[in-house]
Amino acid sequence: MIRPFAPSRPARLRVVRTSAWYDLVVTAGFATPWTYALVHDALSTLGDATGLGTLPALDPIEILYANLMGSVVVVWALLRITEPLPVHGLFDGIARALFAAWQAYALAHGAPRWLWLFFVAEVAFGVVQLVPWWRARRTDLMAPAAGQRLGEAGR
């Protein structure tokens, strides 16, 4: 069961908001075809200049998926900026675990090496947001009331 009040210390809510600002800055350029073309060119130029790899030429389906991802992440970021709730940190941490898994898959299959920078950020924000929930869950399981509830469930 997800408890809406766990873990809600102000520092944890600042992490929810900070990760949202990071998402907004990093993904806003993906939200439209015009801005994505600029981001695509910038990432390819940077990757070429540093030897970390370039992106393939733009095609309509890639642009569509980039715009869908960018639009959804921008809206999700705005929600977390304006209303940072503990449960938003939980779900954001889960989403970051998924994003990191797909980034790792892409890296294993030849994606440009500059993707590692984004992968590290995803993992870091994911861990920082999920660890308090994991700790709260472990604390709940070890609490006397939780033990009684678990014992009653077996009856």
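**The nonpolar core and its aromatic rings**

Modeller: Ten residues make up the largest nonpolar core: Phe 30, Tyr 36, Leu 43, Ala 66, Ala 100, Leu 107, Ala 111, Trp 114, Leu 115 and Phe 119. A nonpolar core is here a set of buried Ala, Val, Leu, Ile, Met, Phe, Trp, Tyr and Cys residues joined through side-chain atoms within 4.5 Å; buried means under 20% relative accessible area, exposed over 50%, and partly exposed in between (1.4 Å probe, protein chains only). Two or more residues of this core come from each of α2 (33-50), α4 (86-108) and α5; helices are DSSP runs (H or I, at least four residues) numbered from the N terminus. This is a predicted model, in which local features need pLDDT of at least 70 and side-chain atom pairs count only at pLDDT 80 or more, while totals for chains, interfaces and linings use all residues. Residues are numbered from 1 along each chain as its sequence is written, and side-chain values use heavy atoms, with hydrogens and water left out.

Leaving aside neighbours within four places in sequence, Ala 100 is in contact (heavy atoms within 4.5 Å) with Phe 119, Glu 122 and Val 123. Phe 119 counts as buried because its relative accessibility is 19%. The ring of Phe 119 also pairs with that of Trp 116: the centres are 5.4 Å apart and the planes at 85°, so the pair is edge-to-face. Rings of Phe, Tyr and Trp (its six-membered ring) pair if their centres lie within 6.5 Å; planes under 30 degrees apart count as stacked, over 60 as edge-to-face and the rest as tilted. Both residues lie in helix α5, three residues apart, about one turn of the helix. Trp 116 is partly exposed, because its relative accessible area is 45%.
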